[in-house]
Structure formats: structure tokens, C-alpha cells
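Good morning, everyone, and thank you for making time for this. Please have the sequence and the structure open while I talk, and I will go through them part by part.

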Amino acid sequence: MRKLVLVLVSTLALSPAAFAAQPSFKCTPQAKEVEKLICNDAELAEMDVTMASLYKRVLKNTPKADQQELKAEQRGWLEGRNACWKAANHKACVKADYEARIQELKDK
């Protein structure tokens, strides 16, 4: 029994899912295609966490009167990112969108 437990633990520890980064959102079977890509790509998941952290910080430091505009910008950005499923290279599109949004948030 002990050997079986050790084999199972070793197998789980070496599985690709164990190395995958977790994005800022919950990965579900109902996720959009682009979200699934992010869930299965450590680089994109890390970029998502970075962007989400920056967004939260910027939102917190934005005057109440301007927060609705920032939230609308973020919703628009998410729609654009999710449209990357139409691109020839999905990952390149998503990566470029994250790079641009991260820079925009850093500049605020």
C-alpha cells in the first residue's frame, strides 16, 4: 500500500498540470476558447496574474468618479482578448493583448 501511495504521489508531482500556472480567473470546462488557452499556458497565465494585480491596484488608486470608466475599459479589453480565437496565431494575439494592457495599466 505504501508503494502505491508513493507511486501515485510521484505521478501527480510530475504531471504537466502540476507545473501549469494558475491565471487570476477560475479555469472551468465552460471557459471560452481563449480562457482555455490561458489556463493551459504557464506564460499566459502568469501574464494574466500580472495584469489582474495591476488592474486591482490601479482601480484602488483611481478616484471613485473615474472608476466606472476604468471598469468599462477593462471589459472592452477582455472582449478584445477573447476575440483572439479568430486570429491566425491565438497565443501571439493573447500575448500581445496582455503586453499592451499591462503597459497601459503601468502608465496610469
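Predicted model: local features only at pLDDT ≥ 70, side-chain atom pairs only at ≥ 80, totals over all residues.

**The disulfides**

Let me begin with the cysteines: if a disulfide is taken as a pair of cysteine sulfur atoms within 2.5 Å, the count comes to two disulfides. Residues are numbered from 1 along each chain as its sequence is written, and side-chain values use heavy atoms, with hydrogens and water left out.

One of the disulfides joins Cys-27 to Cys-39, with an S to S distance of 1.9 Å, and with -100° about the S-S bond this link is left-handed. The pair connects distant parts of the chain, since Cys-27 sits in the loop between helix 2 (16-19) and helix 3 (33-39) while Cys-39 belongs to helix 3, 12 residues apart. When I say helix, I mean a DSSP run of H or I with at least four residues, and a strand is a run of E with at least two, both numbered from the N terminus.

How accessible are these cysteines, where buried means under 20% relative accessible area, exposed over 50%, and partly exposed in between, with a 1.4 Å probe and protein chains only? Cys-27 is partly exposed, at a relative accessible area of 30%, whereas Cys-39, at 12%, is buried.

The other disulfide is formed by Cys-84 and Cys-93, whose sulfur atoms are 2.0 Å apart, and here too the link is left-handed, with -70° about the S-S bond. Cys-84 has 0% relative accessibility and so counts as buried, while Cys-93 is partly exposed at 21%. With bonded cysteines counted along the chain, the disulfides follow the pattern 1-2, 3-4.

**The overall layout**

Stepping back to the whole chain, the protein has six helices and zero strands, and from the N terminus on its elements run α-α-α-α-α-α. Of the 108 residues in the protein, 29% are buried. If contact means heavy atoms within 4.5 Å, then among contacts between residues at least 6 apart in sequence, 59% join residues at least 24 apart.

**How the helices pack**

Two packed helices are described by the angle between their axes and the distance between the axes. The axes are lines fitted to C-alpha atoms, for helices over the stretch in contact, and the angles run from 0 to 180 degrees between N-to-C directions.

The axes of helix 4 and helix 5 come within 11 Å and cross at roughly 165°. That makes helix 4 roughly antiparallel to helix 5, on a scale where angles under 35 degrees count as roughly parallel, over 145 as roughly antiparallel, 65 to 115 as roughly perpendicular and the rest as oblique. Helix 4 contributes Asp-48, Met-51, Tyr-55, Val-58 and Leu-59 to the contact, and helix 5 contributes Gln-67, Leu-70, Lys-71, Gln-74, Trp-77 and Arg-81.

On the helix 5 side we find Leu-70, Glu-73, Gln-74, Trp-77, Gly-80 and Arg-81, which meet Val-94, Asp-97, Tyr-98, Arg-101 and Leu-105 of helix 6.

Which residues does Asp-48 touch, not counting residues up to four places away in sequence? Asp-48, which lies in helix 4, touches Pro-23, Ser-24, Phe-25, Ile-38, Arg-81 and Tyr-98, and with a relative accessible area of 1% Asp-48 is buried.

Trp-77, in helix 5, is also buried, at 11% relative accessibility. Leaving out residues up to four places away in sequence, Trp-77 touches Met-51, Asp-97, Tyr-98 and Arg-101. The C-alpha atoms of Trp-77 and Asp-97 are separated by 8.1 Å, although these residues are 20 residues apart along the chain.

Finally, Asn-61 has its place in helix 4 (residues 42-61), and at 58% relative accessibility Asn-61 counts as exposed.
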